[in-house]
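Dear colleague,

Please find below the structure that I am handing over to you, together with its sequence. My notes on what was found in it follow directly after.

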Amino acid sequence: MFSLKELGMRRSLMAAVILGLAASLSQAQTVDELIGKYVKTIGGMDKLQAIKSVRYTGKFEGGGGFTANVLQENKRPNMVREEFSLQGMAQVLAYDGKVGWIINPFQGKKDAETLGEEGMKQIVEDADFDGPLVDYAKKGNKVEYLGKEDYEGSDTYKLKVTLADGTVKYYFLDTDYYVPIKIETKQTIRGTDFESETILGDYKEAGGVYFPYSIASGPKGSSNRQVITYDKIEINPAMDDAHFNMPKPPMKAN
Amino acid sequence: MNIKGNWFLLGCLLAGLAVSGLGQVKVDSQTISGLGIRNIGSAAMSGRIAALDARRDGDRLTIYVGAASGGVWKSINGGNTYKPVFDKQDVQSIGAVTIDPKNPKTVWVGTGESWTRNSVSVGDGIYKTTDGGDNWTNMGLKDSERIAKILVDPKNPDTVYACATGKLWSDSTERGVYKTTNGGRSWVKVLAGSNQSTGCGMMAMDQNDPRVLYAAMWDFRRQGWTFRSGGADENAPSGSGLFRSNDGGATWKEIDENSGKGLPPKPWGRTAVAVAPSNPKVIYITVEAAMPRNGLYRSDDEGKTWTALDRSQMMIWRPFYFSNLIVDPHDENKLFKAGGSLIYSSDGGRSFSNVAGSAHGDFHDVWIDPTNSNNVITGDDGGLWFSYDGAAKWWKADNLPVSQFYHVTVDMNRPYNVYGGLQDNSSWVGPSSFPGGITNHQWENLYGGDGFWTWADPTDPDYVYAESQGGYIGRINRKTHEARGIQPLPGYKEGKLRFNWNTPIHVTKAGTVYIGSQFLFRTRDHGQTWDRISPDLTTNDPSKQKQEESGGIIVDNSSAEEHTTIFSICESPLDPNTVWVGTDDGNVQVTRDGGKSWTNVVANIPGLPKNAWVTSVDAGHFSAGTAYATFDLHTFGDLRPYAYKTTDFGKTWTAVISPASNVRGYAHVIKEDLVNKDLLFAGTEFGLWVSLDGGNVWSQYKGGEFPDGVAVRDLAIHPRDKDLVIATHGRGIWIIDDISPLRALTPDTLQKDIAFLQADPVVQKIQAGGGWNDGDSMFVGENAPDDAVITYYQKKRHIFGDLKIDILDAKGSVVGSVPASKRKGLNRVHWAMRLPAPTVPPAASIAGGATTGPRVMPGTYTVRMTKDKQVYTTPLKVTLDPRVKFNLADRQANFDLSMKLYNLLGQMSADVERINSVRLALDDRAAKTSDTNFRSRLKAASAQVDELRRKIVATKEGGAITGEERLREFLATLYGDVISYEGRPSLIQMQRADSIAKELADVRKAFDAWTATELPKLNSDLTQYKMQPITVSEVVPASNGGGVNASGIEFPISMGRW
């Protein structure tokens, strides 16, 4: 130990360094503490890690009475397949860890195509099995704690999450339960920012982990929201890796 | 602690509170803000732009626009689209915007416009963002009220100078030039005015040597009845003058007629100053001095000597409003001068051309693209304008809804129209909804000048009353736009009547029109005859009637300072003989005998300072003796709100909003609800406020995208549709649809964890499309929802477990479900009133006509909300749109045919499912068998079956426009046609339904015949080959999604991740 006096002329410099260190430590501590509490609330890291694959089944509601059936499947480490189906036809979006692809069958074309820039950015995000908060540093994401903020009358902790690809997300964690109730996203696509927000709710348990069963999203600030409500979340269903690979054209017809 | 544990504890806690009767629920912004709000604009007229800055980075142009009272708007695409970035701040009035030249994400905003017209708003200091406008921090100078310019040292951007103009209506010390050297953490006043009414009016910097600064100090004051630019009188000489510093503001030297050879003698008023960026020795100033020495001056030696140049009218006009010079970045001889018209010199200031062209007029700021001087952006009283040819022609920004309404009224059309007048932007009418959205095209300009009160004539829908400044009321034919001036005129030797700039007009349901000068006038015959029904109701104080002397150094008497006038009028809706009048000089007058006698009751109002501007009077709807009034003292420097209520015709008054309350901003308007007498709405300079308890507790409405600090000048409650229509001065018209939940939000309800709020019957609005592809640069106002809106209250946000809303018909069957909203306080969800989309057999492509369910029949439904295991219900009545030309029996006939087709699509799906079950099984067996002959037989059988399928559905794939239509496509088209018009279907539609059903039955019969004859043979052979026999699937497919607009299907690119 040494006293400030002993530091002599270097005192203020050292103090600044120490203060700076304390500030960054406390910042990191807060971030890790909040994320730790979030993980603990939803079931804990062990239970989270025990999940190797998830199948979400539910309904998409786009406003004005428009509905579709939705299916999302995630498999570790970073595979995802999403289906929106209507009149027995399914739009498929998938990523196998390397290739992102889409089938948009509604106008009669049922071949798989590779995803464009926007789609690719999004599908890679969707493939993040535990979401960007869990193991954020390993994934190259940066997280900062920005303080408390009111959201629609609820107190929240606001986290700024900068994903490895530059996308910025603001997470609003409920101060009682540490689960996110809102996420704002700012993606930069071809030099232009696109902002959206997602409202999470109806957290329920599946396989020992709490998942949001209601996910409403839309442009930031707009009252027009598309809502996905899950009926069922299956834990560790069997899934073949090939299920996520891009099919070789042409796809089989009905 | 696990979640269930927390839940349990919370439940106990809430239960305990309920039992003990503790835990009074506080009503606050979040309680009420869940009611949605929509902005209908318009951007057709847009509004005053006070300041702007832009920056070109590579090929992209970023623009920050400072609206006079509508916040800061950012465009990242050169002006195609704009985003308001300042809406969460406490004020919306902008005086200065400056992008940090080194760090383009850092932007400084000085709040409080310095173009100090009578209606100007106020600011609360200087703000900074370091992330391009996402987050702002108030960096101080909170008492400066207005800031005219911010200059950032281009070499050291932590050094910033603020030109603080200061308070308009009162003395203050926080004005002058301020400097920070630490990015705004602290400020030092480096140049003070010589008195407490002198601040900084404009400032300029030598960009090559940023230590060289010029500050134009300005002595000014506005009062309700006069304005001066320059000193008060001989005993209080003008503090205006030009100052120069060459040491970053440490020391200043005045440049006046003694030190700057050629300058006019003092006193001065407002001065603009600009340094030529390409040659900083060249300084331009405009000087408001005694005529004829006023005008433009140029120095080529940094201010030592000056040459008097142009003094054309636009150079010398209204210096308080237009003192701004903008020099071309590359040519010291080219410059713009803001003015009533924009003027431009290319000869160093000797002569100017009018380059305003077809832009609106009353220009305040100009930006010249440093990479190409042909690209010019300017802001005026009508919005933002772009030129790509050096200001020859202008392109208007059609996407900036910063319109500055003074008043708003509504009519009884369906949908109703909204009427209002705006600062320098005439009087307009626009629909509250329009198929496809309320674009700028739907708004119609009615009159001219500045607009204020605008009313539909309730006795003749073809006519509208509107006015321009100073009470020039006209009656306008909406179809022909013929306008007849009907202003009451003075009598013999009366000189002129005193009409306020913003003259009150009040029109009653019966069509009686009131207008006030110092006298109250009334007409019952559309202005053919006016009855003068009062004596002078004002103080008639001659000291406040010297408008011909107003302006200061240069006279400025535009009627904006007309005073000792009537400002507010309201006839009692319960008694036409009771009329309330408020004046701008502090009188509240009431007559109970139709104007024969008047009583000034203002002395009965406790605690109200004298001569307060009576901004609104609202006669009660439940008792003739009741009235509310708002009082505004900001013209005396008191920005706090005052509102009072009387229940005894003005004998006694109680404060409903006091300066000590949480309500912010001087008060413009108060309205008592039409149904619930305890529900009050108030508009102040800083927002919309709601009280559920007669004025004891006020909550600021902060819902949707409504800006927190916007000035709410007027309010209207639609008597039929129950909408609250909000006139903002800076952000256009906003509507909160159906405020009945606020009427029903009792203290009892507030105590409940969750509760429905009784809804009025829902009208099934006519289905209609409209609008067109206008691109992104056109403002489109949001329509009222076509859906049934269901409102409920939650004491706390819902996070865990289910929250489900189902709709049940009279038999108790679920006919729909909607996702629930989760927020604390009032929540709103929408039900489209549609059944699920019909089940449609799979085919080559989507059947666009059949992606929507039919709308349910009018009738009574039940809304059932399930929160975890708790169930709550409320009735929901659905009615026909009164505009439809058919009756309920027609509607039923339509619904019956719709359901017949709906079920036929279901039957068709089952038929295709049956066929496919056999066809695919045949293919499966064919693939499995090794016997080539048998395989051929199976394949042939599959082809036979497929031939039947191909009679039902189109099968050509590949994405081309195949034009292939089979029964499925015919049926879906017919179904789509039938459900999109809800009157009686045509005979041919009914016949077509029968023929398609018959053709489908024919195919079914053929398939049944095939399965009866061919399938048993095949199955017997399959058994021989030890393969599974084939059975016909009788599974009826479930509804497989759909909804309106599914023909243009656009799914999200993904489901998202959390």
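A:Asn236 counts as partly exposed because 13 other C-beta atoms lie within 10 Å; by the convention used here, a residue is buried with 20 or more other C-beta atoms within 10 Å of its own, exposed with 12 or fewer, and partly exposed in between, the C-beta atoms being placed from the backbone. Although A:Asn236 is not a glycine, its phi is positive, at about 55°. The residue sits in the segment after strand E13 (226-235) of chain A; helices (H or I, at least four residues) and strands (E, at least two) are DSSP runs, numbered from the N terminus.

Please bear in mind that this is a predicted model, in which local features need pLDDT of at least 70 and side-chain atom pairs count only at pLDDT 80 or more, while totals for chains, interfaces and linings use all residues. Residues are numbered from 1 along each chain as its sequence is written, and chains are lettered from A and ligands numbered from 1 in the order in which they are written.

A:Tyr178 is another non-glycine residue with a positive phi, near 65°. It lies in the loop between strand E9 (168-174) and strand E10 (180-189) of chain A, and it counts as partly exposed because it has 19 C-beta neighbours inside 10 Å.

Turning to chain B, two cis peptide bonds deserve mention. One joins B:Gly41 and B:Ser42, with omega about 10°; B:Ser42 belongs to the loop between strand E1 (38-41) and strand E2 (49-57). The other runs from B:Met291 to B:Pro292, with omega near 5°, and B:Pro292 is in the loop between strand E20 (283-287) and strand E21 (295-299).

As a whole, chain B contains ten helices and 68 strands, and its C-alpha trace spans about 120 × 70 × 70 Å along the principal axes. Of its 1058 residues, 55% count as buried. Helix H10 (residues 987-1024) includes B:Ser1020, which is exposed, with 10 other C-beta atoms within 10 Å.

Lastly, the contact between the chains takes 66 residues from chain A and 55 residues from chain B, two residues being in contact if their C-beta atoms, placed from the backbone, lie within 7 Å. The side of chain B that touches chain A has 23 nonpolar, 22 polar and ten charged residues; Ala, Val, Leu, Ile, Met, Phe, Trp, Tyr, Cys and Pro count as nonpolar, Asp, Glu, Lys and Arg as charged, and the others, Gly among them, as polar.

With kind regards
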